[in-house]
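Let's take a quick tour of a protein fold, one piece at a time.

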Amino acid sequence: MSENNHQNDPISSMHKKPKKAGGISSLTSTLKHIMQSQQPQTNVKSLLKANKNKGFDCPGCAWGDEKEGLLQFCENGAKAIAWESTSKVVDQAFFEQYSVSELMRQSDYWLEYQGRLTQPLRYNQETDHYQAISWQDSFALIAKHLHQLDSPDQAEFYTSGRASNEASFLYQLFGRMFGTNNFPDCSNMCHEASGVALNEAIGVGKGTVVLEDFDHADAIFVFGQNPGTNHPRMMNALRKSARNGGKIVSFNNLKEVALERFASPQDPLELLTPKATTISHAYFTPKLGGDMAAIRGMVKVILAKNSEAIEQGKAPLIDESFIAEHCKNFNEYCQVVNATSWQKIVEQSGLSKAEITQAAEIYLQSTKVICTWAMGITQHLHSVNTIQEIVNLQLLRGNIGKKGAGLCPVRGHSNVQGNRTMGINEKPTKAFIDAMSELVNQPLPYEKGHNVYHAINALLEKRSKVLICLGGNIAAAAPDTHQTHAALKNTTLNVQISTKLNRSHLLIGQDALILPCLGRTEIDMQQSGEQQITVEDTFSMVHASQGNVAPISTNLKSETSIVAHIADSTLNSRNFHNSLLDNKTTPKFIESSKNTAINWLALADDYTKIRELISQSITEFSDFNQQITQPGGFYLGNPAAELTWRTPDNKALFSYQALPENIHAISSQQVSVKNQKIFTLQSLRSHDQYNTTIYGLNDRYRGIANERNVLFIHEKDARKLKFEENDLVDITSIWHDDQSRCVKGFKLCFYDIPQGNLAAYYPETNPLVPLDSVGDRSFTPTSKSIAVYLEKSTEQRIV
């Protein structure tokens, strides 16, 4: 199947942004993907079990589960399930047909479209093909490479947010018993700023609300999110709130249709007629990187109106008693707000003083407010400070720790929050390492390990040698594609635990393994019987997940089983593996990690035993096996939601940073390069995409069909450059090094976006994001604030 069909069709004829999101078009799209999977009956059966008690957790987003309703899936969830439950397979015969070099020339969409991986495979350098290998030999090969390292810190243990609590717990325990805290994970590239900001400000790196709070909020402020595409089940909560009189206030760089009008596919009237629910009471489009200034402006209005109220003998508009009892640095923050000029606020935010005042007045009229955000906030240079400005706003009126109010970072992959809870963290606390050390009866490392940024640099510099990826597609997810690909090619061993073929499998140094694993929808049968896994959603609810369809191949293993076997082969089977070391002396760190406390294979056979270990070592999970028998699971709790602040001062902290001078980490001299008009570009997902997985080539909610190399631009910006809609342009980013970062042949699409800002899909624009352009204190790539300039493309596409 070719992805170039219709690529020369003019976007002006395709660019038909719908008048509402959801509705019949969502149902039609769902049915289309179910049929394309070639297993429609299996997928219908799976959809009826999605996000249900005794069913499986959707492999898509981390939004919480509703307690009522027959169907508990959204369009993108249905796509994820259908994408996983295909009848197409990628096996030995496939790799006999295609060399790795040939596969590298295919698109990311084509690679994953080929079907499910069904057997372990090892790369053969001589033939440039993958070939079958047994599971036992795979585990032995991994152990051999790990034993040959000079230090455990030469290994990188990457994790995707899809991995279960059980697999993640074993993975981090294995890595630490091996001797390292190198745990780069997908959170490093998306919500790391949320964790850093919230831990500093309120003492816990998670949101403070539960799903029910959305039913009680007077207003919901939505920052930097496109939930209609990225977490569509959230639209049900927003729709319900709007219909009940709650005011949804959206701050988003693009006018996204789902935040304007949404039709629930489960409402017959909205499904079959043009009727829809108006979602946003007010919709603001700040400049990229301007959210902190917009919120600072809101606070400036609130403080001014509070002073007026006090002067007039009225009740204060801020919660003085809450601030006095629970907060610190309020006076310092007020001084910084008062010193911030309206000129700076308006210039940086891209919003007028009247718009900011309107938003502030809605906030003041609301007793209970939820502030929610996603990657439109977290992937900037100053993301941590921006999120802490959101916290400041909420602290002003005590909007934390009461029903219908709080902070809600909306996570991406279904268990990315659970991974962190289980210890997938390159900078673990001393308390966590103490608990793990006690569990295994041996000392474990306390030193800070590598996040994604540090791991890629270590691989580039050949300080790290082995990369093991528990899911994900780091080659497509990470920034600076050329650098990332070069880093992966430096590995002595690249291990990918995956369900489908992707770009990360093809970037090979000396040796590589593909280890095929079960999908979320498939039955996980071990020696002790059928297994359950658990996940944690964005509201700190932990619940069980159990596949309901037969695996596509009998040669698949679960992620949990794969991790346990790798750990057993590496840590326990010394005599066997020492024979593979070519008579080399076993490194001292291997000898020191000898351990008999963990029977890894017994854990692989019975996941209840893993949960018993979690109960023993992580406080919130006491009686874990019993707690997950509750329909809907159990709530981990949140100290900040109970007004307990685990900060050094035992107070919630107002952050009092000045607004940034620039939203890019580049100098003014670099910005004036070649006298070009400099734009700020953000990368984003299409509606036919989840993270790096591309389900199709359409972006229905933005009116795009059969295209991905598209650049959204304001019409006036294009006209000033003498560009027309559908012109092909090359995009070049600016950074303070000698590397050229350019992507070519992107088709212009006029869109409702602030002047000076651009948007395009990722991973196609990942090559433009410099590896060293990361958020302050978070090391998250600045994928929402890329300084670029445009030139007319000299290349023509081949149809």
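**The parallel sheet**

Start with an open sheet of 5 strands in the order 11-8-7-13-14, where the pairing is parallel. Before going further, note that this is a predicted model, where local features need pLDDT of at least 70 and side-chain atom pairs count only at pLDDT 80 or more, while totals for chains, interfaces and linings use all residues. Residues are numbered from 1 along each chain as its sequence is written, and side-chain values use heavy atoms, with hydrogens and water left out.

- The edges belong to strand 11 (280–284) and strand 14 (406–409), and each of them pairs on one side only.
- From one strand to the next, the twist averages 15°.
- Strand 7 (residues 219–223) and strand 13 (residues 369–373) are parallel partners, joined over 5 bridges.
- Which residue of strand 13 is the bridge partner of Val-222? That's Thr-372.
- Helix 10 (residues 192–202) packs on this sheet and touches strand 13 and strand 14; the direction of helix 10 makes about 160° with that of strand 14.

A few terms to keep handy:

- Helices (H or I, at least four residues) and strands (E, at least two) are DSSP runs, numbered from the N terminus.
- Two strands pair if DSSP finds at least two bridges between them.
- Angles run from 0 to 180 degrees between N-to-C directions, with axes fitted as lines to C-alpha atoms, for helices over the stretch in contact.
- Contact, or touching, means heavy atoms within 4.5 Å.

**A residue in helix 10**

- Ser-194 is found in helix 10.
- Is Ser-194 buried or exposed? Its relative accessibility is 0%, so Ser-194 counts as buried (buried is under 20% relative accessible area, exposed is over 50%, and partly exposed is in between, using a 1.4 Å probe and protein chains only).
- The side chains of Ser-194 and His-191 make a polar contact at 2.8 Å (a pair of N or O atoms within 3.5 Å; within protein, one must be able to donate a hydrogen and the other to accept it, and residues adjacent in sequence count only if both atoms are side-chain atoms).
- Leaving out residues up to four places away in sequence, Ser-194 touches Trp-373, Thr-378, Ile-387, Pro-409 and Arg-411.

- Another open sheet has 6 strands in the order 5-4-17-16-15-6, with mixed pairing.
- Strand 5 (129–132) and strand 6 (155–159) each have a single partner strand, so one side of each has no neighbour in the sheet.
- Here the twist averages 20° from one strand to the next.
- Strand 4 (residues 121–124) runs antiparallel to strand 5, and 4 bridges join them; Leu-121 has Ala-132 of strand 5 as its bridge partner.
- Helix 8 (residues 135–147) lies across strand 4, strand 6, strand 15 (466–470), strand 16 (493–498) and strand 17 (512–516), at about 135° to strand 17.

**A covered strand**

- In strand 30 (residues 757–761), 5 of its 5 residues are buried.
- Asn-757, Ala-759 and Tyr-761 lie on one side of strand 30, with Leu-758 and Ala-760 on the other.
- Strand 24 (residues 679–684) pairs with strand 30 in the parallel sense over 5 bridges, whereas strand 27 (residues 710–713) pairs with strand 30 in the antiparallel sense over 3 bridges.
- Leu-758 is the bridge partner of Leu-681 and also of Ile-713.

**Cysteines**

- The whole structure has 0 disulfides (pairs of cysteine sulfur atoms within 2.5 Å).
- Cys-517 is buried at 0% relative accessible area, whereas Cys-742 is partly exposed at 29%.
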